[in-house]
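My entries are below, in the order I made them.

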Amino acid sequence: MTNAALVLEDGRVFRGEAYGATGRTLGEVVFSTAMTGYQETLTDPSYHRQIVVQTAPQIGNTGWNDEDDESSKIWVAGYVVRDPARTPSNWRSKRGLDEELANQGVVGIAGLDTRTLTRHIREQGAMRAGVFSGQELTDEASMIEQVKASAQMIGANLAVDVTTDKPYVVEAIGEKKFTVAALDLGIKSNTPRMMAARGIEVHVLPLTSTFEDILAVSPDGLFLSNGPGDPATQDHAIALTKEALGRKLPLFGICFGNQILGRAVGRGTYKMRYGHRGINIPVIDVATGKVAITAQNHGFALEGTPGEEFTSEFGRAVLSHYCPNDGTVEGVRLLDAPAFSVQYHPEAAAGPHDAAPLFDEFVTLMKDAR
């Protein structure tokens, strides 16, 4: 057994054993309440530069397969679990979770009290942290100093790290009905698949794309993906969004894309105390009162009051959805332009699937625009 420590910037230290790779990693410590879907969580680009704590005590039971990745690699900065599975058991499993973490150089820690840790994050807020093991495990004062010297999440421009290097196309399944330009802020693999299943040819474009690049694919709509970091840093994506709104190009955004659309229509964003991360988070549609259980991963949110109507340079808009747990705004809808967004993940590969019909709504928006 190799000793390890999770060190928080407020000086709290949790001791455990190395899990995955040994060494040192720094990032923002956050918790996810999902009881399943850890492979999708680990490969979600939205978790870039975050140390993820799993609140479910047993992790790794189904091992690691080669089908469920949401991107080309594990993006989390570090991983924290209580009781790792000793032997994975699933017919699709190719190797153990700990083996995959080690293969990809992800420094983790196991065997600590994740319940106490989660309560601490809820009370004190998400904060900078580090996982140290092997030769990097030194005296507490030195480790705390390293954590305090690491980058803050406020002001972090991280989407540029996870966006695709070059455009690529996901073909429509069956008859092609629409073409969508998807701005990659950290897109997950299941998102283009969900659109392809609805007859959409998806052109995934780098964040650096110009609006001329978007128009070059002759899109019926623009999609703004999920992604990591502070939305206040995304001047370019916000400018592209404004161009699309000005031309009344149908637009759909999720998660980070919701914050981009919100800022494009004049709303501010703020850093949440500890964010929403999991696959069991309720959301209420203000217009219908309908509740959806959703997958979420965000540490920033839009300012405003659920149901609030306001005027933007593109006409009237409404804050359309909210989380009943804390009143957080979870959606924006323009009333005078074909655009809407939600803070959650309708493409959730690990579930739940309550919000999947939002892709159908996007199809309707594009159909009406024609």
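Ground rules. I am working on a predicted model, in which local features need pLDDT of at least 70, side-chain atom pairs count only at pLDDT 80 or more, and totals for chains, interfaces and linings use all residues. Residues are numbered from 1 along each chain as its sequence is written, and side-chain values use heavy atoms, with hydrogens and water left out.

Whole chain. I counted 10 helices and 20 strands in the protein chain; helices (H or I, at least four residues) and strands (E, at least two) are DSSP runs, numbered from the N terminus. The radius of gyration is 20 Å, close to the 21 Å of the globule rule for 370 residues, so the protein chain is as compact as a globular protein of that length. That radius is taken over C-alpha atoms, and the rule is 2.2 Å times the number of residues to the power 0.38. The C-alpha trace spans about 65 × 40 × 35 Å along its principal axes. Of the 370 residues, 58% count as buried, meaning under 20% relative accessible area with a 1.4 Å probe, protein chains only. For contacts (heavy atoms within 4.5 Å), I noted that 74% of those with a separation of 6 or more are between residues 24 or more positions apart.

Barrel. Which strands close into a barrel, and in what order? I traced seven, in the order β1-β2-β8-β6-β4-β3-β9, with mixed pairing; strands pair if DSSP finds at least two bridges between them. Neighbouring strands of this sheet are turned by 35° against each other on average, direction ignored. Axes here are lines fitted to C-alpha atoms, for helices over the stretch in contact, and angles run from 0 to 180 degrees between N-to-C directions. β4 (residues 50–54) runs parallel to β6 (residues 78–81), joined by three bridges, and Val53 stands opposite Val80 in β6. Helix α3 (residues 114–124) packs on the sheet, its direction making about 125° with that of β4. Helix α4 (residues 140–148) also packs there, touching β1, β2, β3 and β9.

Hairpin. β15 (residues 269–285) and β16 (residues 291–302) run antiparallel, joined by 10 bridges. Ile284 stands opposite Val291 in β16. Five residues lie between the strands, and Gly289 takes a positive phi near 80°.

Conventions
Buried < 20%, exposed > 50% of the residue type's maximum accessible area, 1.4 Å probe, protein only.
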